[in-house]
Amino acid sequence: MRFRVIYSCLLLAFLGIVLRLWFWQVIQSDNLTAKAEEQRISLRTVLAPRGSILFNDGSVLASVQPTFLIFAQPKIIQNKELVADKLAQYFWADELHLAPVSEEEKAKEIENLRADIKDKLSKDLFWVSLQRKVTLETKQKIERENFFGIGFDTQLERFYPEGSSSAHLLGFVGADKYGEPTGYFGVEGFYDGELKGKDGLITQDKDAQGLPILIGTYKVKEAKSGKDLTLTVDRTIQHIVEENLLEGIQKYGAKSASAIVMDPKTGNIIGLASYPNYDPGKPADFPTEFFKDPITVDGYEPGSTFKVLVMAAGINEHLVTPDTQCDICAGPINLGGFTIRTWNNEYNPNSTMSDVIIHSDNTGMVFVAKKLGIDKMYDYVTKFGFGKLTGIDLQDEYAPDLRPKNDWKEIDLATSSFGQGISATALQIVRAVASLANGGVLMEPHMVKSIKDDKGVVVINPREVAHVVTAETAKAVTEMMVKAVEQGEAKFFRLKGYRVAGKTGTAQIPVAGHYDANKTIASFVGFAPADDPKFVMLVRYDQPTASIYGAETAAPTFFNIARQIFTYYNIAPTEQ
Amino acid sequence: MNTIIEHLKTQKFHSRKVIATGIALLLIMLVAEIWSLNRLATFGTQITKFESASAALRMENEMLQNKTAELTSLNTIESHALILGFRPIHSIEYISANDVALVGH
């Protein structure tokens, strides 16, 4: 009997052990395996650099550079005062001080840093961030101090060797809602998917000290770098445009200024700048309204620069020729309760169409518009690309709406002929005028020439959008534009020896339902050399105060830039 | 009979020798394996050292490339050119073939 009891107890104990073993080795197997792996296996992220952005000659516009986040483990740091004191000195020295700082200010700033660091080290936390974007040099100096409990995380930040140049065409890299680096605006925004790399992962066994084991598990998922973009933008022309525009905005007291230079034959953008601009390396220091590129986003009434397009439509339809005389140009025109006048209230009764362009005669343009009619006018406006996106590869392009054809009245037909009552972006205007420099062919504008990754290079080819007017029409309008430069209001600024085709624009800005005579958008659009155009350019000043006229503000800037581009391209004068 | 017993004794001695040698070799291999595993397992510091050195060199390379890009930026070149005494050209004269007196031989 006693034997049976003992035997039963032993059996029960044995069963208990078996059950327990079964619980730990079968039921909890996955859980324990995972925990063991967690202790044994280290996972290390290999950062993938964002793709670089290069000028058309391969020089760097945006690349990446390593920076460091310095963190502390407050619970294990012994000498917090000393650490805080030393780190404050290093952090202060690492910051960029553009202006000289007095000893007193320096001491105050270091003391503030020291107090901030000490406060963070006093927190009851396992990990705390002390400073971000620390340079390699400073990191190496801190490493040599051998502070226990201070560590470094590598981060890859954007680096701009040209500083704040090309800010609007570049955009910037910020963080999305998950904290992941994301491009915004410009090329960074449009090509964010291509520029982003894919981080890699290294899985390996580690020992008790956290060091890798040579003969243990070692699995690598390679990091994939972002693709590199080569732009169509020419570094020298971009520099020329920015310098002249900056000088101009100050000289003419304008609220803002923009310029865009394009190759009319391919649609390649070779220069694009706007002011005020911002530093793409520090976007948080600038107002958000500076981020959007006015050239692709701001709609405005183009004014007289639009006349060349309407004239091209009239000539293309064989309704007028350069020598056709205007029979309604003797005085102001009354239409639907409105009076249409010339900009200087001077009237030439027998103006030819060439004279209309030379003298920027609004009444002459109404003559052309009436011959076209609403249907044909609307057709050509849409054919020239207005009312829809150009398709440029910059993020957040905007196309002002075109009022539906059925809503157009006679007064709308008249005013649109001289570029008022119709809205367009600077990009739309320059692209439309570029078609006249390209034998009547409208091209799609683009910023990126090629995209390179580890598999090869993808070249982006020019794309024809439409044949808007015939080559003969384009040539005829070009000659009218050349005469406008040689004999019009901008003749005092033209470049001697060069045939430049151009048109001034002075568009009044609508304010609270009426036009303000003192607030204008002053612009000049043109291309050169007229016989074989190498570039088309638009310069625009918003509300210049030195003079409201495009002929006295945008035109001189245009010709200054053109002169330098001629020198850069080795284009000699063709006339004595 | 004695010869057979002697032969059997000799054979037994040889087989013991073989077994002893086998065991000794096994022990040596075991010790060697433990020793080599131990050695390799402690290579972690070396691996970390090489990885850090490789990462540092790559980083230095990137920094130098960026430094080169910065020093060759147009703004930098322009400011250095001004310091060296270069000045922007404001007027350029183009010489055509007609402007040159051709000297015949």
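Tutor: What follows is a conversation about this model, which is predicted.

Student: Let us begin with chain B. What does its secondary structure come to?

Tutor: Chain B has three helices and zero strands. From the N terminus on, its elements run α-α-α.

Student: And how much of chain B is buried?

Tutor: Buried residues make up 8% of its 105 residues. The chain exposes about 9,300 Å², and carbon and sulfur atoms supply 67% of that area.

Student: How many residues are in contact between chain A and chain B?

Tutor: On the side of chain A there are 31 residues, in contact with 24 residues of chain B. Between them the two chains bury about 2,300 Å², of which 63% is on carbon and sulfur atoms. The size of an interface is often given in this way, as the accessible area lost when the parts come together.

Student: Which side chains form the salt bridge between the two chains?

Tutor: The count between chain A and chain B is one salt bridge. Arg44(A) and Glu51(B) form it, at 3.1 Å from N to O.

Student: Where do those two residues sit?

Tutor: The closest N and O atoms of Glu51(B) and Arg44(A) are 3.1 Å apart. The pair crosses from helix 2 of chain B (residues 44–71), which holds Glu51(B), to strand 1 of chain A (residues 41–46), which holds Arg44(A). Glu51(B) is partly exposed, at 26% relative accessibility, and Arg44(A) is partly exposed as well, with a relative accessible area of 34%.

Student: How many salt bridges does the structure hold over all chains?

Tutor: The total is 24. One of them joins Glu81(A) to Lys118(A) at 2.6 Å, N to O. That pair links distant parts of the chain, with Glu81(A) in helix 3 (residues 80–94) and Lys118(A) in helix 4 (residues 103–121) of chain A, 37 residues apart. Glu81(A) is partly exposed at 43% relative accessibility, and Lys118(A) is partly exposed with a relative accessible area of 28%.

Student: Which residue does Glu479(A) pair with?

Tutor: Its partner is Arg499(A), and the closest N and O atoms are 2.6 Å apart.

Student: Is Arg499(A) buried or exposed?

Tutor: Arg499(A) is buried, because its relative accessible area of 15% falls under the 20% limit. Glu479(A), with 31%, is partly exposed.

Student: Turning to the strands, how do strand 19 and strand 20 of chain A run?

Tutor: They run antiparallel, with eleven bridges joining strand 19 (residues 501–511) to strand 20 (residues 514–528). For example, Thr506(A) has Ala522(A) in strand 20 as its bridge partner. The two strands form a hairpin with two residues between them, where Ala512(A) takes a positive phi near 50°.

Student: And what does strand 20 do with strand 21?

Tutor: Strand 20 and strand 21 (residues 535–542) pair in the antiparallel sense over eight bridges. Gly526(A) has Met537(A) in strand 21 as its bridge partner. This hairpin has six residues between its strands.

Student: Why is helix 11 of chain A described as largely enclosed?

Tutor: Ten of the ten residues of helix 11 (residues 307–316) are buried, so the helix is largely enclosed by the rest of the structure. Among them are Lys307(A), Met311(A) and Asn316(A). The buried residues pack against several elements of chain A, including helix 13 (362–383), helix 16 (471–487) and strand 19. Just after the helix, His318(A) takes a positive phi of about 60°.

Student: What is Thr296(A) in contact with, leaving aside its neighbours within four places in sequence?

Tutor: Its contacts are Ile392(A), Leu394(A), Glu397(A), Tyr398(A), Thr425(A) and Leu427(A). Thr296(A) is found in helix 10 (residues 294–297) of chain A and is buried, with a relative accessible area of 1%.

Student: Finally, which residues make the nonpolar surface patch of about 580 Å²?

Tutor: Phe3(A), Tyr7(A), Leu11(A), Leu12(A) and Leu15(A) make that patch. Leu15(A) is found in helix 1 (residues 2–27) of chain A and counts as partly exposed at 45% relative accessibility.

Terms used. Residues numbered from 1 in each chain as written. Chains lettered and ligands numbered in written order. Predicted model: local features only at pLDDT ≥ 70, side-chain atom pairs only at ≥ 80, totals over all residues. Heavy atoms only, no water. Patch = residues over 30% accessible without salt bridge, like charges linked within 9 Å, V, L, I, M, F, W, Y side chains within 5 Å. Areas by Shrake-Rupley, 256 points an atom, 1.4 Å probe, with all protein chains shown as cover. Salt bridge = Lys/Arg side-chain N within 4 Å of Asp/Glu carboxyl O. Helix = DSSP H or I, 4+ residues; strand = E, 2+ residues; numbered from the N terminus. Buried < 20%, exposed > 50% of the residue type's maximum accessible area, 1.4 Å probe, protein only. Pairing = 2+ DSSP bridges. Contact = heavy atoms within 4.5 Å. Buried area = accessible area lost by both parts, 1.4 Å probe.
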